[in-house]
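Please read it with the structure in view.

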Amino acid sequence: MYSRELFYFTVVLVGLLVILSGLCLYLMIKKVDDNKNRKQIDQLKDEYQLPLFHFLQEGGEAEGLTVRSPLQTRALVELLAGFSKMFASEDIQERLQGFAEDHFQPFILSQLGHRRWSIRMNALYWIQDFKMKSMVEPLKKLHGSKKVSKAEELQLLKIAVLFGEKNLVERLKDTKHELTEFEYSLLFHSFREDQFRPLVSAFEELPEVMKFAIIDSIGVKNRMEHVSFLKRLLDTGASELRIRALKAVVGMEFYLDIPTLSVHLRADSWQERLMAIKACEYIRSTELSPALQALMSDPSFYVRSQAAQSLLRLENGEAVLREIAVYAEDGYARDMAEQWLEREAVS
């Protein structure tokens, strides 16, 4: 009985060893083959670099840039992708796009339909680098796939922005995957003004995460033409929208009048009070001194600290802090004033 079990165990063990040995051998052969191909691609890139550079710079015939094998295609694709990031000239970019359209369509199309995610992503990056508008239909097909990943959808949206598709707002409202505020912000940062304006117009219809990203983009990209929109949010928006709008205003270093700031300096939310104090730094008016002195006793440590810093930047601000440090009834206000006076002395 035991001998039969031992026999079966030995057969299974030998079978597993054979399978593992075969797998190991396959991986070794594949690694050697990949290294060999990589070496050939690098050699081809060295050969193609100068002719491709001359073609992009001068135009004319693409001499010496014939494509007869997959490795040659791969070498040219990688080389052209590198050049696409080096040159901003419209003429060069136009030649680069034309070369890619003429030589790479079949190859990139095959990569776009590959079962491996990483290969499909590379194809999407190349389409973006080469601005291959001939790939619009295959891109639509990929976007319609049920298996499209979040990373692929994000890259498809970036390409849609680059190509200036007309239905961007609708696509962004109806994504297959839930995007974060950061991901929306990255997309919005690349929007041209004619693409960004419809987003602002549709603001009330958009989900909250998109609203936050729009406000962030206005501040980060310094979109001064939308300052009036931010002001409307400060007057009528919900608390979180007011905080975001103030943050954008601070980022743009835009001047807000003192009556407007005074309202936000008295807000219920400590985050709103904090952002309002930061906005005060671009005014530095002594009219703000009473409000800032009052905020030295704020329940929030961050608000007290920011108020002290803003006071220091006002005319006679140091004298005001010294008075608070000695005479203020609130212990927190005295401590904060002393801390900032010590910092000022050290600096």
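The residues that cover the buried side of helix 12 belong to elements that include helix 10 (193–201), helix 11 (208–220), helix 13 (239–252) and helix 14 (258–265). Helices here are DSSP runs of H or I with at least four residues, numbered from the N terminus. The structure is a predicted model, in which local features need pLDDT of at least 70 and side-chain atom pairs count only at pLDDT 80 or more, whereas totals for chains, interfaces and linings use all residues. Residues are numbered from 1 along each chain as its sequence is written, and side-chain values use heavy atoms, with hydrogens and water left out.

**Helical packing**

Within helix 12 (residues 227–236), the buried residues are Val227, Phe229, Leu230, Leu233 and Leu234. They lie on the same side of helix 12 because they cover an arc of only 160° around the axis, the arc being that of the directions from the helix axis to the C-beta atoms. Asp235 and Thr236 are exposed on the other side of helix 12.

Helix 9 (residues 181–189) has Glu183, Tyr184, Ser185, Leu187 and Phe188 as its buried residues. The buried residues of helix 9 pack against helix 7 (150–163), helix 8, helix 10 and helix 11. Contact means heavy atoms within 4.5 Å. Not counting residues up to four places away in sequence, Phe188 touches Leu172, Phe196, Leu199, Met210, Ala213, Ile214, Ser217 and Arg223.

**Nonpolar cores**

The largest nonpolar core holds 69 residues, of which Phe188, Leu199, Met296 and Leu321 touch the most other members. Helix 13 gives the most to this core, with eight residues. Apart from it lies another core, of 37 residues, among them Ala81, Phe99, Ala100 and Phe130. A nonpolar core is a set of buried Ala, Val, Leu, Ile, Met, Phe, Trp, Tyr and Cys residues joined through side-chain atoms within 4.5 Å.

Leu256 lies in the loop between helix 13 and helix 14. Leu256 counts as buried because its relative accessibility is 3%. Leaving aside neighbours within four places in sequence, Leu256 is in contact with Leu234, Leu246, Val249, Leu261 and Ile283. Leu256 and Tyr282 are 26 residues apart in sequence, and their C-alpha atoms are 8.6 Å apart in space.

**Salt bridges**

A search of the whole structure finds 20 salt bridges. A salt bridge is a side-chain nitrogen of Lys or Arg within 4 Å of a carboxyl oxygen of Asp or Glu.

Asp298 is buried, with a relative accessible area of 7%, and Arg273 is buried at 10%.

Glu78 and Arg74 both lie in helix 2 (residues 70–86), four residues apart, about one turn of the helix. Glu78 is buried, with a relative accessible area of 18%, while Arg74 is partly exposed at 25%. Both residues belong to a network of salt bridges that links Arg38, Asp42, Lys45, Arg74 and Glu78.

For the pair of Glu205 and Lys173, the relative accessibility of Glu205 is 56%, so Glu205 counts as exposed; Lys173, at 34%, counts as partly exposed.

**Backbone**

Most residues other than glycine have a negative phi. Asn222, in the loop between helix 11 and helix 12, has a positive phi near 55°. Asn222 is partly exposed, with a relative accessible area of 40%. Asn316 has a positive phi near 65° and is found in the loop between helix 17 and helix 18 (317–327). Asn316 is exposed, with a relative accessible area of 57%.

Conventions
Buried < 20%, exposed > 50% of the residue type's maximum accessible area, 1.4 Å probe, protein only. Helix = DSSP H or I, 4+ residues; strand = E, 2+ residues; numbered from the N terminus.
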